[in-house]
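Reader: I am new to this structure. Please take me through the surroundings of its ligands, one step at a time.

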Amino acid sequence: MSDNNTDRFNSIRVNQNGYSAQLPKFVAVLEDSPLLLYDHKGDLIRQYPNPGLKNDEASGDRLAVIDLENIPAGSYTLRCGDSSKEIIVKDKAYAELTDALIKALYYQRCGCALEKKHAGIFTHRACHTAPATDWDTKTIVKSIIGGWHDAGDFGKYVSPGAVTVAHMLYAYILFGDGCCDDLNIPESGNGTPDILNEARWELEWIMKMQREDGAFYHKLTKDHFAPFIMPEDDLDPEYMIAPTHNATADAVAVLSLASRVYAKFDPDFGKDMLSSALAGWDWLVKNQEFVPYMNPEGVRTGPYGDGRVSDELFWACCELYASTSDSKYLKEAENLYNWAKDGTQKPDGSDIFKTMIEKETEAHEKAKERFKNWKMPELTGLDLTRFGWSDVSGLGALCCLFVLKEKAGKVLGDELKSDFLKRSEEALERVNESVYRTSLRSDEYVWGSILSIMCNAMAMLVNHLLTGREDMRNGALSQLDYSLGLNSLDLSFVTGFGTYSVQNPHHRPSGADGIDAPVPGFIVGGPNKRWTYPETKQRLGEETPAARYYLDETPSADTNEVAIYWNSPVIFIAAFFNSL
Ligand code: 9MR
Ligand code: ZN
């Protein structure tokens, strides 16, 4: 089809990566005309009546979404009124994407050179290889080399790293067939699946972040963010900063999970991880004076402050029970789930972490006082559909639902399952409320809105795994469509994928490497109208709708940064669709 109206902002929005022949193919039209489908020879093969446009609150657009239904693999042209767009339908639509999303983590590797053989044009020399200093006790100096750069910055943070690895390991456990094993990374071909090879890079670093006493440092960063330079040119000193309860519990959980996954490939590594997890657990039991992390004076890198630790403890208990079968962990996981379930906090319900929970409650009361104007929500039950760095309840739920199964008992078995199913309905409700089928309400576009969207997708997908419901699977699919161009901005949020994809992510190597194209395979945080930079506000004003509050510009960390834990839930979703 030749057409001179193939401008980007025409009236058709599609998944620019290409649709899977076996799945629904949602297309958005912003014009009240029928949608016409032409094959590659230019013959009209289908007509879809327009169901009528509706207002989409989050974007301000008027549109309708149409499912192209069953069409075989091939390339096609869509037309609606004067607009037209090309689409591809494939039998294996998500293989390259899954591959690239995992490979992106390889590009984040710290402490080693990225060689041409594996990195292509995106090479760089080894970075951040100097020993680091303990921020509080400057005489403690340790060499901690490795891990992934967290995001657009070069910091390395334990909790974000732990959840990223957990998303990858659960993707491997649940849909191993969908996790591409052809990443061309240094370990490729060593007999271990590449998704595990890549995750191991971070796991080894997490273990190095453990102190003698069992606690894990919160982060390893400089005292400020580097300018836009290549990582090997970032030579200012790095610090091991403040052990925290959140980082320790997350590390305990992920190391315990990983100890089982890697046992079959490298039993010694599996054992080391479990010992490290158990040492972390002992520290938590003996050190219950929980205080939410805040950057010490003089440190301005990412805080990842988290006022709640009960979700991290819950996840850790689940994973330790799964690895050791010691019922004390099961009992405590039940306690933590129960005390928080109805929003009433009963510290005495806990056998092991009574003091920690008292401290958590105190910290919450203090925060409420401090943020009076913001009206902080009460501490309510663990939200089993959250999988991000600040709320890991859902990771504990994955352990109960898919690893513990019968071993979970009544509370963490049947009760937790029905709780999960109920909560995941909310994600689908949001999909149905949005005309674009994007699972966010207009007031939910925060910094890293992609994480909320992908957590909702994970929740729907898990529901689908448990119930077989197609509406849930399709709800999850729509979130992947969103990330690949079926959105108001007509933009693929994944670098290197789609006809119009993000060009200027807030990612230091992409900005400093002298190569026009950004490093491929990264998803950006996306529209954010809630915690927005003044510069972004100035540009977009008050009137721009939330789902359009986005700038494809390097300085806009608030809308256009990348992060390892934004890639990883998409790995989970893409691996599922790739496994079908
Ligand atoms: O993902 C974090 C987001 O939830 C916060 O709102 C934001 C502002 O504090 O920080 C994000 O995390 C950033 C971290 O602090 C430093 N590395 C880059 C992260 C992604 O923007
Ligand atoms: Zn580095």
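Author: What follows describes the two ligand sites in turn. The model is a predicted one. Ligand 1 has 13 residues around it, and those that come nearest are Asp 150, Asp 153, Trp 447, Glu 561 and Tyr 565. By class, this shell consists of 9 nonpolar residues, 1 polar residue and 3 charged residues. Domain 1 (1–92 + 434–580) and domain 2 (108–306) each give residues to the shell, so ligand 1 lies between them.

Some of the contacts can be given as distances. In Trp 447, a polar side-chain atom is 3.0 Å from an oxygen atom of ligand 1. For Glu 561, an N or O atom of the side chain lies 2.9 Å from a ligand 1 oxygen. Tyr 565 places a polar side-chain atom 2.7 Å from an oxygen atom of ligand 1. On its own, ligand 1 has 450 Å² of accessible area, and the protein covers 82% of that.

The other site holds a zinc ion, ligand 2. The 4 donor atoms subtend angles of 102 to 115° at the zinc ion, so the arrangement is tetrahedral. For comparison, the ideal angle for four tetrahedral donors is 109.5 degrees. Along the chain, the donors follow the spacing C-x16-C-H-x20-H. Cys 127 sits in the loop between α2 (116–119) and β10 (132–134), while His 149 sits in the loop between β11 (141–142) and β12 (156–157); this pair, 22 residues apart, links distant parts of the chain.

Notes: Residues are numbered from 1 along each chain as its sequence is written. Chains are lettered from A and ligands numbered from 1 in the order in which they are written. This is a predicted model: local features need pLDDT of at least 70, side-chain atom pairs count only at pLDDT 80 or more; totals for chains, interfaces and linings use all residues. Side-chain values use heavy atoms; hydrogens and water are left out. A residue is near a molecule or strand if one of its heavy atoms lies within 4 Å of it. A polar contact is a pair of N or O atoms within 3.5 Å; within protein, one must be able to donate a hydrogen and the other to accept it, and residues adjacent in sequence count only if both atoms are side-chain atoms. Accessible areas come from the Shrake-Rupley method with a 1.4 Å probe; for residues, only the protein chains shown count as cover. Ala, Val, Leu, Ile, Met, Phe, Trp, Tyr, Cys and Pro count as nonpolar, Asp, Glu, Lys and Arg as charged, and the others, Gly among them, as polar. Domain bounds come from an automatic or database domain assignment. Donors are N, O and S atoms within 2.8 Å of the metal (3.2 Å for Na, K and Ca); water is not among the atoms, so sites may look incomplete. Four donors count as tetrahedral if all angles lie between 85 and 135 degrees; four count as square planar and six as octahedral if opposite donors are over 155 degrees apart and all others between 65 and 115; anything else is irregular. Helices (H or I, at least four residues) and strands (E, at least two) are DSSP runs, numbered from the N terminus.
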